[in-house]
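Dear colleague,

Please find below the structure that I am handing over to you.

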Amino acid sequence: QVQLVESGGGLVQAGGSLRLSCAVSERTLTMGWFRQAPGKEREFVAAIRWSVGSAFYADSAKGRFTISRDNAKNTMYLQMNTLKPEDTAVYYCAAGRGIPNLRADTQYDYWGQGTQVTVSS
């Protein structure tokens, strides 16, 4: 059983930055970040193919968020800059193997507990 533990959420003003971390008990082929705002469905934010470091982003994250991983620490990160109030959500990290469509949350096998990000205007 792969375990994921997120950290780094919090309250920040619009235009500010946060870095989320996701420590994973073992490396998996693909890891991603999703978020869910109140009353909305969970949505894809970014994903990374662990072995080669290929990164993929939702349109809402391009140019503002950066996903990365640290092999030595078995940790994935999401650097979020220029945050907007609409980025407010619970952010989840996810992991899986053999994911053809990394934007689909149903294809991930393991999930963290979530961390709250609140961006004030």
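A disulfide is here a pair of cysteine sulfur atoms within 2.5 Å. By that criterion Cys 22 is joined to Cys 93, with an S to S distance of 2.1 Å, and a search of the whole structure finds one disulfide. Cys 22 lies in strand β3 (residues 18–24) and Cys 93 in strand β9 (residues 89–96), so the link ties together parts that are 71 residues apart in sequence. Strands (E, at least two residues) are DSSP runs, numbered from the N terminus. Both Cys 22 and Cys 93 are buried, where buried means under 20% relative accessible area, exposed over 50%, and partly exposed in between (1.4 Å probe, protein chains only).

Please note that this is a predicted model, in which local features need pLDDT of at least 70 and side-chain atom pairs count only at pLDDT 80 or more, while totals for chains, interfaces and linings use all residues. Residues are numbered from 1 along each chain as its sequence is written, and side-chain values use heavy atoms, with hydrogens and water left out.

The interior comes next. A nonpolar core is a set of buried Ala, Val, Leu, Ile, Met, Phe, Trp, Tyr and Cys residues joined through side-chain atoms within 4.5 Å. The largest one has 29 residues, and Leu 4, Met 31, Trp 33, Met 76, Leu 78, Met 80 and Tyr 91 have the most contacts inside it. Apart from this core lies another, of eight residues, including Phe 34, Ala 94, Leu 102 and Tyr 108.

As to the strands, two of them pair if DSSP finds at least two bridges between them. Four strands form an open, antiparallel sheet in the order β1-β3-β8-β7. β1 (4–7) and β7 stand at its edges with a single partner strand each, so one side of each has no neighbour in the sheet. β7 and β8 pair over six bridges, and Ile 67 has Leu 78 in β8 as its bridge partner.

Finally, the aromatic rings. Rings of Phe, Tyr and Trp (its six-membered ring) pair if their centres lie within 6.5 Å; planes under 30 degrees apart count as stacked, over 60 as edge-to-face and the rest as tilted. The search finds five aromatic pairs. The ring centres of Phe 34 and Phe 44 are 5.7 Å apart and their planes are at 70°, so this pair is edge-to-face. Phe 34, Phe 44, Tyr 92, Tyr 108 and Trp 111 are linked by ring pairs into a cluster.

With kind regards
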